[in-house]
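Q: I am new to reading structures. Could you take me through one, feature by feature?

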Amino acid sequence: MFIIKYRKFFIGFSALLVLASIIVVSVRGLDYGIEFTGGSVLEVSYDERPDIDLVHTSLAEAGFPDMLVQPFGDNGYVVKTQSLSEEQRQQLVSAMSVGDRELSIERFNSIGPSVGRELRTKSLYALIAVSLGIIFFVAYAFRHVAKPVSSWRYGIVAVIALLHDIIIPVGILTLIGTEIDTLYVVGLLSILGLSVNDTIVVFDRIRENLSTNQEKKIAEAFPTTVGMAINQTMTRSIFTSLTLIVVLVALYVAGPVATQTLSLVLLLGMIVGTYSSIFLASPLLTLLGGNKTK
Amino acid sequence: MWKTRIVALLFVALGVLLGWYVFHSEKTESNPFHLGLDLSGGSYLVYKADVSAISEGEVRDSMDALRDVIERRINAFGVAEPNVNTETHSLGIDGTEERLIVELPGVTDLDEAVRMIGQTPLLEFKVEAPSADREAIQAQIDDLLSVQVSKADIQDGTLTIGGDGIDFAKIQELQNELYLNTDLTGKYLDKAQLQFTQAGIKNGGGLQAEPIIALSFDREGSELFESLTRENVGKTIAIYLDGSIISAPVVNDVISGGQAVISGNFTIDEAKTLVGRLNSGALPIPIELISTNTVGPTLGQDAVNAGVYAGIVGLILVSVILILWYRLPGLIAVVALGIYTAIMLWMFKFIPVTLTSAGITGFIISIGIAVDANILIFERMKEELKAGNTLYNAVKVGFTRAWASIRDANISSIISAIFLFWFGTALIKGFALVFGLGIIVSMFTAITVTRFFLLSLTKREGTSGAITRFLYQNGFNK
């Protein structure tokens with residue numbers, strides 16, 4: 001019952017984190033990668049990495065001054081520029097070959113501005129569609145438990161928890177300066193699925209307890225019922241998260257460089273999501289439903 | 001009881017069989033995984049088609065024609081499993097944009113890829129310039145070619161030509177002036193065909209059929225060709241391809257009927273490629289390259305290796321946690337997870353699913369959901385045991401009670417997957433497909449398979465001993 005007793009504290013804590021995340025994002029702005037803004041990324045590797053100043057000089061001579069060049073992997077560099085034409089690309093590649101070092105192109109990605117714009121709108125549409133789908137499904141699945149909280153509220157609370165689970169990781173990632181690429185978006189979308197999964201398990205237990213109480217004609221305050229459900233599902237929530245966190249840590253530490261951002265997004269999402277399913281969603285439900293005794 | 005055990009054994013056999021198939025087909029490469037370009041290496045190109053000159057009703061047809069032409073061009077270069085698609089993209093208020101998307105697995109050289117697609121073979125027929133001009137030009141060429149070489153130019157057995165050497169570019173230029181443009185070009189070509197000369201005695205006396213390219217012109221082209229040959233009997237007509245001379249046969253007589261042959265000492269492969277390119281013709285719609293993505297072969301391979309490694313480490317860690325905490329049921333969950341992995345990998349090959357890094361992430365997340373189903377069931381069993389149920393009843397009731405949670409949670413995940421698939425871009429679609437598939441398969445393995453296993457190992461009647469009860473309990477609870 002501990003959680004329900006101090007529910008205002010936990011909800012307040014979540015609200016604070018969400019607010020802080022929104023402030024971080026609005027101050028620092030989202031760091032969209034070239035997939036969203038349009039632009040080019042060239043990733044090259046050498047048999048032996050040349051000095052970065054040499055690369056800068058060579059680029060400046062070829063007409064690419066002040067390029068963003070970053071070391072990548074053991075022997076490579078990543079160059080980010082605005083969208084390049086085929087001709088400019090070839091110039092860039094030849095400018096990157098410094099001295100007699102052997103150069104190989106690991107990756108070249110060039111995105112026109114319209115493609116980037118489209119990706120942004122599509123991601124947003126997907127997010128909205130998933131949220132709506134979930135509200136409707138939860139409202140339907142909980143249609144028999146209209147009392148004391150209408151089944152729509154379960155759906156809305158699930159979506160609030162979901163937004164919470166997305167906004168806070170985005171805030172943290174913005175703070176540490178992670179660039180948003182497509183896999184980042186995939187990570188956020190997976191959080192959607194996992195967050196709802198988590199929240200529904202607790203809701204389901206509330207639903208079951210409510211109907212058991214009804215059968216046995218036990219009069220119990222709604223917050224008490226919810227508190228019971230949280231306790232009953234606590235081990236499961238923690239354990240499920242733990243197994244996923246283990247897999248994600250393995251993926252982050254040992255996995256491909258390309259999916260490191262993704263595992264980080266998912267890790268944050270898992271931790272925040274587990275927190276919200278225990279400390280946010282169900283307490284919020286009791287707040288919406290009031291303290292009425294059924 | 002024995003029935004349950006037999007079914008349980010069949011599940012194990014199914015898992016082993018599928019696992020073996022996946023392993024075997026991967027090792028012998030009879031049916032390897034379909035890896036996306038981000039993992040296998042390759043080029044992904046997006047072109048914008050300019051359809052402004054085409055009436056709305058004909059856009060679809062023109063785009064299809066465009067796709068066919070590009071597809072033929074790529075096929076002519078022998079790329080394995082290329083993928084050419086057209087897409088209409090909504091740009092919101094800006095209307096729509098027609099796009100052509102080209103995926104070239106294994107082509108990691110972007111220059112080559114772009115050239116392959118952008119190349120329109122330019123076929124030209126040219127006639128001799130007036131003989132006076134030709135002589136003058138020929139004299140200049142001879143002049144350029146004649147170089148004084150002395151013994152001093154030979155050092156270490158290599159001849160180095162002093163000064164600027166021979167100006168081959170200039171010679172090329174002059175050679176082109178030997179011929180004059182005509183109206184007859186590849187535009188009038190009806191089709192090109194690969195043929196072989198009758199085997200005859202060739203250099204060195206060997207018998208060899210030489211590949212030649214037979215051209216048929218359309219009606220207008222036939223007329224042009226006829227008049228060209230009529231005016232040039234006894235002279236040569238040069239056939240130019242992409243600006244360089246391929247052959248210059250002598251015209252013996254007037255040729256009507258629009259048939260011509262190019263024989264240019266081609267190899268069979270060269271001739272095949274050329275025929276493909278000639279037949280593919282010009283593009284019906286102008287296109288512009290707006291987005292490219294090339295992944296080198298090592299980067300993709302590294303990602304696959306690291307991904308597989310991380311996956312195995314993750315699976316082992318999860319298995320250890322499950323067995324330590326949930327004991328016998330935990331072990332069963334691990335076996336079910338093994339069967340789940342085998343079924344999923346088999347499905348990736350069977351459907352087949354093109355695996356990208358996003359798709360593999362979807363798979364890993366679905367493992368978490370599969371484990372979650374088992375954790376829900378085992379926690380429920382524990383509660384039922386605490387409530388004083390017999391072991392067998394605890395197992396049965398545990399499954400029934402957990403089912404509603406698992407069902408609703410998974411349905412909501414499936415809804416997410418469907419919407420992501422519906423609205424998402426290619427990458428998101430790949431994720432959603434594997435994720436959705438994983439949830440459906442995990443419902444089967446984590447519930448049905450685990451259930452048969454547990455029931456087949458649990459005694460139906462009587463009380464169970466302390467050891468048995470210990471095996472079914474978990475964590476630090478008594």
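A: Start with contact: two residues are in contact if their C-beta atoms, placed from the backbone, lie within 7 Å. This is a predicted model: local features need pLDDT of at least 70, side-chain atom pairs count only at pLDDT 80 or more, and totals for chains, interfaces and linings use all residues. Residues are numbered from 1 along each chain as its sequence is written, with chains lettered from A and ligands numbered from 1 in the order in which they are written.

Q: How many residues of domain 1 of chain A are in contact with domain 2 of chain A?

A: Domain bounds come from an automatic or database domain assignment. Here domain 1 of chain A is 2-34 + 114-289, and domain 2 is 39-111. 4 residues of domain 1 are in contact with 7 residues of domain 2. The C-alpha centres of the two domains lie 41 Å apart.

Q: How many residues does each chain give to the contact between chain A and chain B?

A: Chain B gives 61 residues and chain A gives 56.

Q: In which sense do β4 of chain A and β16(B) pair?

A: Strands are DSSP runs of E, at least two residues, and helices are runs of H or I, at least four, numbered from the N terminus. Two strands pair if DSSP finds at least two bridges between them. β4 (residues 103-111) of chain A pairs with β16(B) in the antiparallel sense, over 5 bridges. A:Ser110 stands opposite B:Thr292 in β16(B).

Q: Which residues of α7(B) are buried?

A: Buried means 20 or more other C-beta atoms within 10 Å of the residue's own; exposed means 12 or fewer, and partly exposed is in between. In α7(B) the buried residues are B:Gly221, B:Ser222, B:Phe225 and B:Leu228. They cover an arc of only 130° around the axis, so they are on the same side of α7(B). The arc is that of the directions from the helix axis to the C-beta atoms.
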